[in-house]
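Trainee: I would like to go through this model one feature at a time. Where do we start?

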Amino acid sequence: MPVHRPGPARRRRSAVLGGLTAAVSALSLLLALPSAAADVPPRGSAYLGMGVPAHDGEHGSPVPGDATQTEGVDVSSHQGNVAWSTLWSSGVKWAYAKATEGTYYTNPYFAQQYNGSYNVGMVRGAYHFATPDTTSGAAQANYFVDHGGGWSRDGRTLPGALDIEWNPYGASCYGKTQSQMVAWIGDFLATYKARTGRDAVIYTATSWWTECTGNYGGFATANPLWIARYATAVGTLPAGWSYYTMWQYTSSGPTVGDHNRFNGALDRVVALANG
C-alpha cells in the first residue's frame with residue numbers, strides 16, 4: 001500500500017509553525033519568571049531618598065508654615081535644569097544637588113543646579129550617593145571632593161552630604177556586615193574632613209541605619225543628621241542624635257519633588273555653611 005508523505009512545502013509550513021510555537025512558549029516562560037534584572041536601575045541613577053517610599057512608606061506631610069524651620073530642596077539629574085527662581089519665590093532658601101555616585105558617576109546637570117541655586121540667593125551644598133560595595137570610603141570621598149563636593153567659607157556653601165541608604169542595585173546593606181559598614185562610613189567621613197576641614201552631613205533613614213550599622217551612635221557628636229521620613233513627624237532618630245539638622249519629609253513637593261526642612265531659621269542655615 002503506498003505511503004503518502006507530505007511534500008516539501010507542507011514540511012516547511014510545519015517547521016515554521018513548530019518554530020513559532022516554540023518561540024511563543026519560550027516567551028511565555030520568560031514573562032512568567034521574576035524580572036529581577038529588569039527591576040535594577042542603571043548605575044548612576046540613584047538619588048537622595050530613592051529607597052524611602054518602598055521601605056518606610058509615606059505617611060502624610062508635616063503642618064506647613066513652621067516659622068522656626070527653613071524650606072529646602074534636593075535635586076539630581078532626574079530634575080534636569082531646575083527653575084530656581086520659581087523655588088526661591090515659593091520660599092525655598094537652601095538646596096543640595098547630587099554631585100557624584102561611587103567613583104564612576106558625575107551628575108551632568110550639577111553645574112546648573114549647584115550654581116543656579118546659588119545665583120538666586122540660596123545657600124547650597126553637594127551630596128554624594130554612597131555605594132560601599134564598589135570602592136572604599138576614602139576613594140569615594142576623594143572622588144566627591146574632586147567633582148564638586150568641596151567646601152568654602154563664603155557663607156553660602158554647606159558642607160558636603162553623604163547619602164547612605166538602601167542599595168538600589170542589590171542587597172540593602174551592600175553586602176557588608178554592620179561593623180564593616182561603620183568602618184566604611186568612618187573612612188569616608190575622615191577623608192572628607194581631611195580634604196575640606198568640615199564634618200560631612202549624614203543623610204539616612206533610621207530603619208536603614210539600624211539594619212545596616214546596628215544603630216551605631218558614634219558619628220553623632222561631629223556629623224549633622226539629615227533624616228529621611230515621609231510623614232507628619234520625624235519619628236525616632238538614629239542612636240546618638242538627640243535632634244536632626246535637616247529633614248527630608250516628602251518626594252512629591254511643588255516644582256521639585258524632594259522637599260526638606262532645616263531645623264532652624266535661615267540664620268542657622270548660614271551658621272552651618274560658615275562652620
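Mentor: Start with a term: a contact means heavy atoms within 4.5 Å. Keep in mind that the model is predicted.

Trainee: Which residues does Thr-157 touch, not counting residues up to four places away in sequence?

Mentor: Thr-157 sits in the loop between α6 (137–146) and β6 (161–163). Leaving out residues up to four places away in sequence, its contacts are Tyr-114, Val-123, Arg-124, Gly-150, Trp-151, Ser-152 and Ala-273.

Trainee: Does Thr-157 count as buried or exposed?

Mentor: Buried means under 20% relative accessible area. Thr-157 has 1% relative accessibility, so it counts as buried.

Trainee: Which residues of helix α5 are buried?

Mentor: Helix α5 spans residues 110–119. Its buried residues are covered by elements including β2 (70–75), α4 (84–89), β3 (94–101) and β5 (123–129). Those buried residues are Phe-110, Gln-113, Tyr-114, Gly-116 and Ser-117.

Trainee: How many disulfides does the count come to?

Mentor: The cut-off is a pair of cysteine sulfur atoms within 2.5 Å. The sulfur atoms of Cys-173 and Cys-212 are 1.9 Å apart, and the two form a disulfide. The count comes to 1 disulfide.

Trainee: How many residues apart in sequence are the parts that Cys-173 and Cys-212 tie together?

Mentor: The link of Cys-173 and Cys-212 is left-handed, with -75 degrees about the S-S bond. Cys-173 lies in the loop between β6 and α7 (178–196), while Cys-212 belongs to helix α8 (residues 206–213), so the parts joined by the pair are 39 residues apart in sequence.

Trainee: How many residues lining the largest pocket are nonpolar, polar and charged?

Mentor: The largest pocket holds about 160 Å³ of space. Its lining is made up of Ala-220, Thr-221, Ala-222, Asn-223, Pro-224, Leu-225, Gly-240, Trp-241, Ser-242, Tyr-243 and Thr-245. These divide into 6 nonpolar, 5 polar and no charged.

Trainee: Where does pLDDT stay under 50?

Mentor: Over the chain the mean pLDDT is 88, and 85% of residues reach 70 or more. For residues 1–6 the model has 1 contact beyond four places in sequence, and pLDDT stays under 50 there. Another stretch with pLDDT under 50 and 1 such contact is residues 8–36.

How values were computed. Residues are numbered from 1 along each chain as its sequence is written. This is a predicted model: local features need pLDDT of at least 70, side-chain atom pairs count only at pLDDT 80 or more; totals for chains, interfaces and linings use all residues. Side-chain values use heavy atoms; hydrogens and water are left out. Helices (H or I, at least four residues) and strands (E, at least two) are DSSP runs, numbered from the N terminus. Buried means under 20% relative accessible area, exposed over 50%, partly exposed in between (1.4 Å probe, protein chains only). On a 1 Å grid over the protein atoms alone, a cavity is a set of points where a 1.4 Å probe fits but cannot get out, and a pocket is an open set with protein on both sides within 12 Å along at least five of seven lines; lining residues have an atom within 4 Å of a point. Grid points are joined across faces, edges and corners, and a volume is the space filled by probe spheres set on the points. Ala, Val, Leu, Ile, Met, Phe, Trp, Tyr, Cys and Pro count as nonpolar, Asp, Glu, Lys and Arg as charged, and the others, Gly among them, as polar. pLDDT is the predictor's confidence in each residue, from 0 to 100.
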